[in-house]
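Me: I would like a close look at a single part of this model.

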Amino acid sequence: MSADRVAVPARPERTLFILGCMATACAVLFMLIDVGGQWDFVLPFRGKKLATALLVGYAIAVSTVLFQTVTGNRVLTPAILGFDYLYVLIQTCLLFFLGSSTVVNLDPRLLFGVEVLIMVAFSGLLYWGLFGGARRNLHLVLLTGVVLGVLFRSLSSFLQRLIDPNEFIFLQDRFFASFNNPDQELLVVSFLVTLGVSVLGFRMLRTFDVLVLGRETAINLGVDYQRTVALILVLVAILVSVSSALVGPVTFFGLLVSNLAHAVVRTYKHELILPAAALVAAVALVAGQVVLEHVFAFDTNPRVIIEFVGGLVFITMLMRKAPG
Amino acid sequence: MIEAKNVTKRYGTTLVVDDVSLRLPVGGITSIIGPNGAGKSTLLSMISRVLPMSSGNVLVDGLDVVTTPGDVLAKRLAILRQDNHLTSRLTVRELVTFGRYPHSKGRPTVKDQEHVERAIQHMGLEALSARFLDELSGGQRQRAFVAMVLCQDTDYVLLDEPLNGLDLKHAVSMMKQLRTAADTLGKSFVLVLHDLNFASCYSDHLIAMRDGKVAFQGRSEDIMRPDVLRAVYDLEIAIQQINGDWIATHYR
């Protein structure tokens, strides 16, 4: 008996606690480093940035983990369904057809609402077109997503080439990930939306666990598979909208966060893996922002670093999966 | 009772299961035999709602499997398919506990834990219960999955090739355990088996499929006959009665 007990995993609760401490430490560091006496200005200013970073980290982490649970694949992220580039396309189209002066004057909450609706409608369409009939092939959905993602990206870059260079700069500002200019109203709306999604998801935590066993076993255990998958895709679409609206598309970040979380917690239980992923995201984003502001003095863009590290991890994972 | 009416599965123009109507007896072990591609697994998958059918319907105790909510069916019917691969690491006990999900919705009670322990014991997995599934051999993993399905405690248990990857000892003990469960707990098992002799020795009812249709069905002595098996397998199979069991010898 004792020989069989070698592989008892480290307690995930303890890992979560350590991650929580790290995240808190990063947040405190971020808020307090180099304040230089101007507390009344610095605290709210940094607080807003911190809130954005935490919210974005949470949205990306949860959406990626759920997406990977649904697809049963650790290399896939929502970005592969073309979600974040759909968001870019929507923004580009708005600017192309309305012009930056109109877009600036639109209520950001209204804009966000419309964008989320389009994103959810897209995920619904994708789902219905492919799951609706007798076919129920996730790989077909994914392949379609990949192709559509390329289409969205090409269409946006085509439109971006046609518009006025000044407007293009305006657009680029919006897409380049940064926590430096969060829109307060957008932040509040995003927070409320994320809260709503979380409440809904919280009630389904145990169902998510069953999905880990695969489609057939989940059906056998009485999970309404199609409905659950559809619902998760909608939740993912909303969360991706939140993160894209706040900081633009961050393709690889979710992949990093989810795999890191799985590596440190090593459990199928979503009640542990989801908070772990959110905390890893918080640590990475906040610590990254501290380094960015105080070491690189704002010289570089966080996305450059994320894409660089993420790309390396992605390639490593593919190489490891390759036979031989 | 499980009743299939005109069940058909079509992929493009290929008929995999061709208009099968069938009543599966209540209680005991029913085994489906037949050559590769006869549609055995496909039929089992459709009966258990894992695979949508092209036409026809299936009733379990009068409940249509397509329209009845999944969680209602999950308390009456359990299915284990052939290939079960997992992306997450979980232990044998965690997997078996999932079998209680239809009853506990992920919050196992003391009573659920008792079911889990009994299933683990039943499949002889006590020593392995804390091990991760990816550290087990194929046969051990197979037993863990069967334990999960038994833990679900349903009246009907459908197993697609439960002996796959099991050595002789564990294959015999698996069949004995199923036999005990059928006799003492009154459960009905439907198995897809490739080993004719296991099917013959342990089943109350045999169903022989070929080309998507039910070719023959009946008790062991009705099916374990050279002429019947020749029609099913296109193979000369000698049958001998040994200690009261009908044994096929088809090795030469």
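How many residues of domain 1 of chain B are in contact with residues of domain 2 of chain B?

Reply: This is a predicted model, in which local features need pLDDT of at least 70 and side-chain atom pairs count only at pLDDT 80 or more, while totals for chains, interfaces and linings use all residues. Residues are numbered from 1 along each chain as its sequence is written, and chains are lettered from A and ligands numbered from 1 in the order in which they are written.

Chain B is divided into domain 1 (1–76 + 156–167 + 186–252) and domain 2 (79–153), with bounds that come from an automatic or database domain assignment. In domain 1 of chain B, 17 residues are in contact with twelve residues of domain 2 of chain B; two residues are in contact if their C-beta atoms, placed from the backbone, lie within 7 Å. On the domain 1 side, the elements of chain B that give two or more residues are helix 1 (40–47) and strand 7 (156–160). Helices (H or I, at least four residues) and strands (E, at least two) are DSSP runs, numbered from the N terminus. Strand 7 of chain B gives the most to that side, with four residues. The C-alpha centres of domain 1 and domain 2 of chain B lie 25 Å apart.

Within chain B, B:Ala147 is in contact with B:Val96, B:Ala119, B:Ile120, B:His122, B:Met123 and B:Leu125, leaving aside its neighbours within four places in sequence.

Chain B also touches chain A: the contact takes 28 residues from chain B and 25 residues from chain A. Helix 2 of chain B gives the most to chain B's side of this contact, with three residues.
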